[in-house]
Amino acid sequence: MDATNAEIPQDLVQEEALWFPDGTLVLRAETHLFRVFPGILAAKSPVFQDMLSFPQPQNGESYDGCPLVHLPDSAADMTHFLKAIFHYEYFEPWPTKLAFEIVAGVLRMSQKYQVDHLRKRALVHLSRRYPISLNEFGCTYEWEDPIAVANLARHVAADWILPVVLSSCAWLDPAKLLDGSLTPADALLCFRARDQLQTYWSSKVLHFLCTPSRILGCKTPEFCAHLRLEFRSQAEDWCEEHVRVLNLWDEETWDGMEEPCDVCLTSMKSANAAGRQECWNNLPNLFGLPNWQTLLNMRKAALGFLRTSPVSRITAQNIIQRNLAMKL
Ligand SMILES: [Zn+2]
């Protein structure tokens with residue numbers, strides 16, 4: 001008889017996809033219950049193996065005729081994690097695009113319960129969305145909430161994604177940076193970085209639009225000077241839209257722009273690329289992180305080699321178009 005069922009609150013939820021009628025163990029996380037197979041859990045997770053190897057006390061809690069084990073984890077994280085274990089198709093490897101909540105839940109729980117293959121798969125999902133080279137920048141599918149991603153990266157020590165994700169945080173509304181969702185230490189880093197990004201770094205990336213005043217060998221000086229003035233005005237508008245520094249002006253920005261003479265175009269493209277590269281190289285340092293090579297080594301140690309897979313580039317123009325579309 002389930003004598004202890006009477007003590008269990010009635011607002012409990014049996015998680016339908018994780019309620020196997022022939023399961024012999026009930027797990028509880030917050031108000032959610034999961035009826036599962038202990039042998040499979042023990043085979044996947046050494047932590048569960050240890051936990052379940054203790055004999056169940058005679059008068060221990062039970063539910064639906066099965067021993068009931070309380071877990072201190074969030075119901076949402078545990079749901080994603082158990083689905084990844086018991087439903088093979090639920091947590092497919094990259095390049096399948098998964099919601100942040102799923103990857104975060106599986107990553108937190110697989111780290112805690114030491115399910116290494118899931119932890120690694122989740123880390124690949126995380127790492128694929130945040131570039132580690134300037135070449136990949138703008139080609140990845142970053143999730144919408146950089147604060148949640150930064151917190152997750154800190155939690156699992158995935159430092160290699162922090163330069164990019166913290167630079168996204170730095171562009172958020174100051175009130176958002178101070179609402180407590182970001183740690184005080186990271187909020188401080190973001191505020192300091194924000195000052196530098198808005199002043200010194202923007203001018204670095206856009207330096208090529210002003211200097212030199214006349215490019216040596218220019219074929220149409222008057223036309224090119226006029227065009228560069230127009231470019232500057234356009235770039236200043238983008239600065240006001242708070243487009244991230246490295247998105248301000250990149251290789252794709254030239255597409256669809258009126259072109260200066262070929263001498264100026266070559267010179268400006270080269271100066272623009274050098275300015276962006278210098279900013280990229282300094283990005284980790286701006287957030288108190290080790291240099292890119294060290295971060296890359298950390299990622300390799302955790303995940304092995306990940307081949308780059310560029311997709312369509314996200315430029316300043318289409319970021320602004322997307323922002324405008326969201327406002328409409
Ligand atoms: Zn020219």
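Throughout this tour, a residue is called buried if its relative accessible area is under 20%, exposed if over 50%, and partly exposed in between, with a 1.4 Å probe and protein chains only. The model is predicted, so local features need pLDDT of at least 70 and side-chain atom pairs count only at pLDDT 80 or more, while totals for chains, interfaces and linings use all residues. Residues are numbered from 1 along each chain as its sequence is written, and side-chain values use heavy atoms, with hydrogens and water left out.

**The sheet**

Select the strands, which, like the helices, are DSSP runs numbered from the N terminus (strands E, at least two residues; helices H or I, at least four). The 5 strands form an open sheet of mixed pairing in the order 1-3-2-5-4, where two strands pair if DSSP finds at least two bridges between them. Strand 1 (13-19) and strand 4 (62-63) stand at the edges with a single partner strand each, so one side of each has no neighbour in the sheet. Strand 1 runs parallel to strand 3, joined by 3 bridges, and Gln-14 can be picked out opposite Leu-33 in strand 3. Strand 2 (residues 25-29) pairs with strand 5 (residues 66-71) in the parallel sense over 4 bridges, with Leu-27 having Val-69 as its bridge partner. Strand 4 and strand 5, by contrast, run antiparallel with 2 bridges, and Ser-62 stands opposite Pro-67. These two strands form a hairpin with 2 residues between them, and Asp-64 in the turn has a positive phi of about 55°.

Stay with the sheet and select Arg-35 in strand 3 (residues 32-36), which counts as buried at 12% relative accessibility. Leaving aside residues up to four places away in sequence, Arg-35 touches several residues, including Trp-19, Phe-20, Val-26, Asp-64 and Cys-66, contact meaning heavy atoms within 4.5 Å.

Next, select helix 3 (residues 75-86), whose 12 residues reach 16 Å from first C-alpha to last, close to the 16 Å expected at 1.5 Å a residue; the expected span is 1.5 Å times one less than the number of residues. Helix 3 is mostly covered, 11 of its 12 residues being buried.

One of the buried residues of helix 3 is Asp-77, which forms a salt bridge with Arg-108, the closest N and O atoms being 2.7 Å apart. A salt bridge here is a side-chain nitrogen of Lys or Arg within 4 Å of a carboxyl oxygen of Asp or Glu, and the structure holds 8 of these salt bridges. Asp-77 has a relative accessible area of 8%, whereas Arg-108 is partly exposed at 29%.

Move on to Glu-251 and Arg-276, a salt bridge of 3.4 Å between the closest N and O atoms. Glu-251 lies in the loop between helix 11 (245-248) and helix 12, and Arg-276 in helix 12, 25 residues apart. Glu-251 is partly exposed at 42% relative accessibility, but Arg-276 is buried at 2%.

**The zinc site**

Finally, select the zinc ion, whose protein donors are the SG atoms of Cys-218, Cys-224, Cys-261 and Cys-264, lying 2.2 to 2.3 Å from the ion. Donors are N, O and S atoms within 2.8 Å of the metal (3.2 Å for Na, K and Ca), and water is not among the atoms, so sites may look incomplete. The 4 donor atoms subtend angles of 101 to 117°, which makes the arrangement tetrahedral; four donors count as such if all angles lie between 85 and 135 degrees. In sequence the donor residues are spaced C-x5-C-x36-C-x2-C, and both Cys-218 and Cys-264 are buried.

Conventions
Four donors count as tetrahedral if all angles lie between 85 and 135 degrees; four count as square planar and six as octahedral if opposite donors are over 155 degrees apart and all others between 65 and 115; anything else is irregular.
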